[in-house]
Amino acid sequence: MPNPHLSILVVDDAKFSSAMIGRALSQAGYQDVRFASSASEALQLLEQRPASVLLADWLMPEIDGLELTARVRQLDETADHYTYIILLTGKEGENVLGEAFDRGVDDFISKAAMNEQLVPRVYAADRLCNTLQRLLHENRMLTQNIASLERRNLVDSLTGLGNPRYLRQKLGDSLRQIESRGGAVCYLLIGLQDASQLRSQYGDRFFNELLHGVARRLQQLVRPLDVLTRLDDNHFGLITLLEDLHECSPSSFKRLHEGLNLKAFKTSEGFITLKAGISLVGLDAKALPTDPEQVIQHAEKLLAESHSSGRVAAMRLPLP
């Protein structure tokens with residue numbers, strides 16, 4: 001059965017199309033349906049109250065469906081929410097749809113088959129939204145539980161991520177794992193190049209807000225089993241286990257680098273763009289024996305190269 005209180009926002013500059021969609025959703029049992037005639041109006045409505053499902057026309061003046069999707073994802077980050085986005089489109093082709101999926105779109109409805117596809121697609125989104133919201137709630141509870149571990153000095157109280165001690169502990173575990181089971185370890189040091197300047201300019205409250213945003217962005221970009229930590233006000237650390245050392249390359253983490261440098265962070269001071277460098281140290285059993293401190297030191301020395309080049313700087317151990 002559909003959830004009659006599912007929050008739905010319909011964005012379409014054509015009044016006839018909006019009316020048709022609203023009528024179909026009402027007949028399907030949905031009671032909380034809002035309408036916006038432009039992407040900018042939709043963003044204002046979402047800031048007032050998030051929606052579970054967003055139905056938007058791909059082709060709209062000023063801001064199209066893809067740009068609207070990007071703006072909504074930024075709102076989701078700050079609200080700890082997930083909006084299920086469905087675009088209405090007459091476009092076809094795998095390349096077009098593939099690009100849209102990469103930009104964060106969840107599903108599509110063909111305008112040519114609107115009558116047949118609309119309600120079933122919303123039903124599917126309805127079921128997924130229940131699961132997504134439950135997972136978000138569980139994740140918030142998990143973050144609170146993890147924060148309680150601070151008294152054991154393993155968790156960063158500001159972000160809920162691991163702290164430097166936790167990083168060294170997990171890096172040691174990873175080195176022992178590749179010694180006994182094979183595979184490779186990839187350690188990334190992420191440096192926020194202009195962090196100190198932003199803190200001086202806007203103050204501590206803003207800076208804590210920004211670090212929260214960076215932590216959330218990183219959590220979205222890494223794999224669930226990766227170890228993500230906050231090391232200090234300027235640095236985050238990431239440990240990932242891979243099957244083969246060749247996977248530990250700059251191209252494997254291009255999305256991470258672009259996610260920090262090319263997408264602005266929404267803050268109380270407006271949208272803030274960061275300059276982030278990433279150094280990457282990869283090793284397998286051939287580099288052993290070594291210890292976490294040596295791996296960390298290699299990454300620290302390498303970070304300046306990433307800052308100057310604007311790319312992921314990488315090395316593999318043992319050095320030739």
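What is the strand order of the open sheet of five strands with mixed pairing? The order is 7-8-6-11-12, where strands (E, at least two residues) and helices (H or I, at least four residues) are DSSP runs numbered from the N terminus, and two strands pair if DSSP finds at least two bridges between them. The model is predicted, so local features need pLDDT of at least 70 and side-chain atom pairs count only at pLDDT 80 or more, while totals for chains, interfaces and linings use all residues. Residues are numbered from 1 along each chain as its sequence is written, and side-chain values use heavy atoms, with hydrogens and water left out.

Strands of a sheet pair through backbone hydrogen bonds, either parallel or antiparallel. Four bridges link strand 7 to strand 8 (residues 235-242) in the antiparallel sense, and V227 stands opposite I239 in strand 8.

Helix 10 (residues 292-309) lies across strand 6 (184-192), strand 8, strand 11 (276-284) and strand 12, and runs at about 140° to strand 11. The loop between strand 11 and helix 10 holds T290. With neighbours within four places in sequence left aside, T290 is in contact with L175, L283 and V295, contact meaning heavy atoms within 4.5 Å. T290 and L175 are 115 residues apart in sequence, yet 8.1 Å apart in space, C-alpha to C-alpha.

Another open sheet of five strands has the order 2-1-3-4-5, with parallel pairing. Its edge strands are strand 2 (33-36) and strand 5 (107-110), each of which pairs on one side only, and the twist from one strand to the next averages 20°. Strand 4 (residues 84-89) and strand 5 run parallel and are joined by four bridges; L88 stands opposite I109 in strand 5. Helix 3 (residues 65-79) packs on this sheet, touching strand 1, strand 3 (53-57) and strand 4, and its direction makes about 175° with that of strand 4. Helix 2 (residues 39-48) lies across strand 1 (8-11) and strand 2, running at about 140° to strand 2.

Two packed helices are described by the angle between their axes and the distance between the axes. For helix 7 (residues 195-202) and helix 8, the axes come within 7 Å and cross at roughly 140°. That makes helix 7 oblique to helix 8, because angles under 35 degrees count as roughly parallel, over 145 as roughly antiparallel, 65 to 115 as roughly perpendicular and the rest as oblique. In this contact A195, L198, R199 and Y202 of helix 7 meet D204, F206, F207 and L210 of helix 8. By class, the contact has six nonpolar, no polar and two charged residues, with Ala, Val, Leu, Ile, Met, Phe, Trp, Tyr, Cys and Pro counted as nonpolar, Asp, Glu, Lys and Arg as charged, and the others, Gly among them, as polar.

The largest pocket is lined by 46 residues, of which R216, R217, Q219, Q220 and L221 lie nearest its centre. Helix 5 gives the most to this lining, with eight residues. The lining residues divide into 21 nonpolar, eleven polar and 14 charged. On a 1 Å grid over the protein atoms alone, a pocket is an open set of points where a 1.4 Å probe fits, with protein on both sides within 12 Å along at least five of seven lines, and lining residues have an atom within 4 Å of a point.

Definitions and conventions
Axes fitted to C-alpha atoms, helices over the stretch in contact; angles between N-to-C directions.
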